[in-house]
Amino acid sequence: MSRSLFDKVWAAHVIHAREDGTDLLWVDRHFVHEGSHHAFRKLAARGLPVAEPGLTFGVTDHYAPTRGEPASEDIAGMIRTLSTNAQTHGLQHFAMGDPRQGIVHVIGPEQGLTLPGLVIVCGDSHTSTHGAFGAIAFGIGATDVSHVLATQTIWQKRPKSMRITVDGALGAGVTAKDVALAWISRLGTGGAQGHAIEYAGSAIRGLSMEGRLTLCNMSIEGGGRFGMVAPDEVTLNYVKGRPFAPSDTWEKAAAHWLSLQSDDDAAFDREVTLNAADIAPTVTWGTSPDQAGPITGMVPMDAARDALDYMGLEAGKPLDGIAVDQVFIGSCTNARIEDLRAAAAVLRGRTAKVPGLVSPGSAQIKKQAEDEGLDRIFVQAGLEWVASGCSMCVGMNGDIVAPGKRCASTTNRNFKGRQGPGARTHLMSPAMVAAAAVTGALTDVRPLLEGREA
Amino acid sequence: MSGFTDVTGIPARLPLENVDTDQLIPARFMSRPRSEGYGPFLLHDMRETEPAARLPEGAEILIAGRNFGCGSSREAAVYALVDFGIRAVLAPSFGDIFASNAVNNGLLPARMSQDALDLLDGPLRVDLAGAVVHHAGGAEPFEIDPVWQTKLLNGWDDIDLTIQHRDDIAAFKTRHHAAHPWART
């Protein structure tokens, strides 16, 4: 029987298949963060140890301070609790001050912990990011985190399958973020609910690993708990030589990984196709990631009243020209080196009209960007260059947007209050955020890229 | 966890789509210990501007809109509902991770079409074994994955179930790591 990439990886992890259709799956990598404190408490309440400390990794990111010390005792306590739990259970911990620290969905791939064909879980919905390598990676809640800690396994019913095929070439200034916002705006936030997504087509093959990570990251915003891209040479080139990537068994691993492709006649429960050339730089205008459109468009005439009231916008208003108060470049969606380069390409030699924060995805990316001189471009433009963490994407560390303020952001959620109570968020690519910084308004980045190397 | 029994009462209504888990509990409350109770944080910020978000005290059933609980995997969103006293949410669809978290905490995520939800009138009785909601005007069926239905009815705990497969797990690990040595670290 023909099988999809998802089917192949799933089948290789089934320990026990229950008659009711639920499978017990082996988990290859489990990432925990400060928010996992509920799960550790559940484990302690049952007096259970962590079953596989060698496959469990702690990452300080959600509450990580980006400017010096933690903003409150509460936040410091969350960071300490993870350190204590990691120490108690003998987990490797990428803690504050570790040169490998960063956002979990950035450093997993960066360290070579994320590999093709693995099953990866974390108590965070953006775990779908790791699927960019052809892994089955998904977010889970605290009860499931405690289950994985206790057993290194998880019960799952196989989701339905969906393939999103994007063929053709993306235009200049159009990125993986725009592809993501384009399909989500077309299908809606529940569009991929109950489905595992495989992204395919020539435009996807043409994406770098950074681009694929962005695309898979946003799967959950369209309701998809899983997003995957089949491994290819781009994948292997990224993985090779990473600290935790195989070296002695590289040849065998690489051959196996390249075999992880959907069969030609594999059937999907749902097929969606997009033409890359039709996708423009895209921005959200509302309070849900599907409330998005091309920057050349306007707030729809039938836009939800509730979203418009919150965002302080009117139906029919052109998106280009909406004034912003600040910008944010960061998060597990768009804070990798390629993202920072794209933003810097727009900002080079220009001055931002509004303040903003740039938080690299990891300490290592921060260093790399500084070696390339990108930090100076951001600082000279007037933006603040800070340390790595989830920062203003979720505001847990105290980096928030003030009530009523409008932020052009490279993050993943424009929910009400996501960046702080009353904050107004517009999602877009790093280049588009840089363009908003330069002009002080949402604007089409493409004219700003003319004559520049993007 | 004890098994799910029928829930009876006047439902609270939150007829909005895409109520995400950031609305159900804003991130800033998530550092609090559960022992304090998460009920007061339920829909905390939304209550300021949205009258429907001020759920009546004592409500055990919530009728909600499409894609309820989308977004973040925070189980705290379920804790807030459960600690407030909600035992069943009836909605046209749910965020996948939210629904899974709900079942893990004995909260029923029952899927019903908007048309069926609109028919519900007066006090309700949610019968999980029969997958049906009884109301003044009759009875409307709801959808629940049969695996989740069984799990909720029995109050099963996954760790207890999994530990019975201890030997299978150990054997799998040996095989899996022999075939895919890079899966070790």
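A residue is buried if 20 or more other C-beta atoms lie within 10 Å of its own, exposed if 12 or fewer, and partly exposed in between, with C-beta atoms placed from the backbone. Helices (H or I, at least four residues) and strands (E, at least two) are DSSP runs, numbered from the N terminus. This is a predicted model: local features need pLDDT of at least 70, side-chain atom pairs count only at pLDDT 80 or more, and totals for chains, interfaces and linings use all residues. Residues are numbered from 1 along each chain as its sequence is written, while chains are lettered from A and ligands numbered from 1 in the order in which they are written.

**Exercise 1.** Find which residues are buried in helix 3 of chain A, and work out how they are arranged around its axis.

*Solution.* 
- Step 1: the buried residues are A:Ile75, A:Met78, A:Leu82, A:Asn85 and A:Ala86.
- Step 2: seen down the axis of helix 3 of chain A, they fall within an arc of 100° (taken from the directions from the helix axis to the C-beta atoms), so they line one face.
- Step 3: on the other side, A:Glu73, A:Thr84 and A:Gln87 are exposed.

**Exercise 2.** Decide whether A:Leu308 is buried, partly exposed or exposed.

*Solution.* 
- Step 1: A:Leu308 lies in helix 11 (residues 305–311) of chain A.
- Step 2: A:Leu308 has 19 C-beta neighbours inside 10 Å, so it counts as partly exposed.
- Step 3: A:Leu308 and A:Ala39 are 269 residues apart in sequence and 38 Å apart in space, C-alpha to C-alpha.
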